[in-house]
Amino acid sequence: MLDTLLSGQLLFAALAISATYALVALGLNLVYGTMRLLNVAHGDLVMLGGYAAFWAFSSAGISPLLTLIAVAAAAAALGMLAYRGLFRGLLASQRAVARLESNSLLLFFGLSIIIQNTVSLALSATPRGYEYLSNVVRLGNVALTGNRLAALAIAVALLAAISLFLRMHLFGLAMRALIEHREAAAVVGVDIERVQLASFGLGFGTAAVAGALVSMTEQVSPFMGFPFTIAAFVVIIMGGLGRIGGGIAAALVLGVIETYGVALTSASWRSVLLYGVFVLVLMFRPQGLFGRRAAVR
């Protein structure tokens, strides 16, 4: 057991899955934090990004790494379209604001079902996969595949870039201000409409990029998104709403729990560990492991 716990191979696996969870949760955190919309279809964006990378590679031989920009742009455009077509009116309605979370939950749930079944009917429910950068790279006694190294490096780079954007850029600070206190942000002149539109675009884009990275190491299927949705919500709850650094730390904790828990038990315990952490945090630390108690607004 000690050899397992000290395994560099296992540590790398934990880091890789943690980076993926952090990237997926970042987009969900922005959408929920700025607008209080419960996007339970968020994992389906991961699925769509994975399929986009798969088809680009299998049909045209285009490297998944080269498709990342196109995938991000297409998903961001889809997010902005969804915001303007479905959610802007919901956010503007005074009657709907009181039921915003429940209404958005139902709406996103319906979208999730539509997306999953449309993809299943169009492409079949059979899992699809491809081989890319599968060469083995050795770092000391640890054997790693090139695709996992590339996915980890890109995810970490994106997380660092977005974190800096939210901390250093004026528009990023406006996003954080809206997450912290909507009314105060409006008082100081933050363009609420523009920030909400950008949050949708960035949230959808990061999820699709995460899916493209996942497709390099795992098979994609129409129903693969739900576990990523749950993992993203767990990360947000553990890290604290709007706390980007806390979310990254929470993703690392969740990745370690899942990876080492499965290694010490079996793969069938993965869902038990994931949902178990979710329930325990809700029971004993609802404001998050790294969050603070939210003030009533």
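Predicted model: local features only at pLDDT ≥ 70, side-chain atom pairs only at ≥ 80, totals over all residues.

Visitor: Let us start with H12. How many residues does it have, and what is its reach from first C-alpha to last?

Guide: Helix H12 covers residues 244-264, which is 21 residues. Its end-to-end C-alpha reach is 30 Å, close to the 30 Å expected at 1.5 Å a residue.

Visitor: Which of its residues are buried?

Guide: The buried residues of H12 are Ile-244, Gly-246, Gly-247, Ala-250, Ala-251, Leu-254, Gly-255, Glu-258, Thr-259, Tyr-260 and Gly-261.

Visitor: At what angle do H2 and H12 cross?

Guide: Helix H2, residues 8-35, crosses H12 at roughly 140°, and the two axes come within 7 Å. The two helices are therefore oblique to each other, since angles count as roughly antiparallel when over 145 degrees. The crossing of H2 and H12 is right-handed.

Visitor: Which residues meet there?

Guide: On the H2 side they include Leu-10, Leu-11, Ala-14, Ser-18, Tyr-21 and Asn-29. On the H12 side, Ile-248, Ala-251, Gly-255, Glu-258 and Thr-259 are among them. By class, this contact of H2 with H12 has 17 nonpolar, 4 polar and 1 charged residues.

Visitor: And H2 against H11, what is the geometry?

Guide: H2 and H11 pack at about 75°, with axes 8 Å apart. They are therefore roughly perpendicular to each other. Thr-20, Tyr-21, Val-24, Ala-25, Leu-28 and Asn-29 of H2 make the contact with H11 residues that include Phe-228, Thr-229, Ala-232 and Ile-236. The contact of H2 with H11 comprises 10 nonpolar and 3 polar residues, with no charged ones.

Visitor: Changing topic to H7: what covers its buried residues?

Guide: The cover includes H2, strand S2 (142-145), helix H8 (170-180), helix H10 (192-215) and H12. Among the buried residues of H7 are Asn-147, Ala-151, Ala-155, Leu-159 and Ile-162. H7 itself runs over residues 146-168 and reaches 32 Å, close to the 33 Å expected.

Visitor: Lastly, where does Ser-124 lie?

Guide: Ser-124 is in the loop between helix H6 (100-123) and strand S1 (136-139). With a relative accessibility of 26%, Ser-124 counts as partly exposed. Its contacts, not counting residues up to four places away in sequence, are Tyr-51, Val-119 and Pro-222.

Visitor: What is the phi of Ser-124?

Guide: Ser-124 has a positive phi of about 80°, although it is not a glycine. Most residues other than glycine have a negative phi.

Note on methods. Residues numbered from 1 in each chain as written. Heavy atoms only, no water. Helix = DSSP H or I, 4+ residues; strand = E, 2+ residues; numbered from the N terminus. Expected span 1.5 Å × (residues − 1). Buried < 20%, exposed > 50% of the residue type's maximum accessible area, 1.4 Å probe, protein only. Axes fitted to C-alpha atoms, helices over the stretch in contact; angles between N-to-C directions. Parallel < 35°, antiparallel > 145°, perpendicular 65-115°, else oblique. Left-handed = near helix turned anticlockwise from the far one by under 90°. Contact = heavy atoms within 4.5 Å. Nonpolar A, V, L, I, M, F, W, Y, C, P; charged D, E, K, R; others polar.
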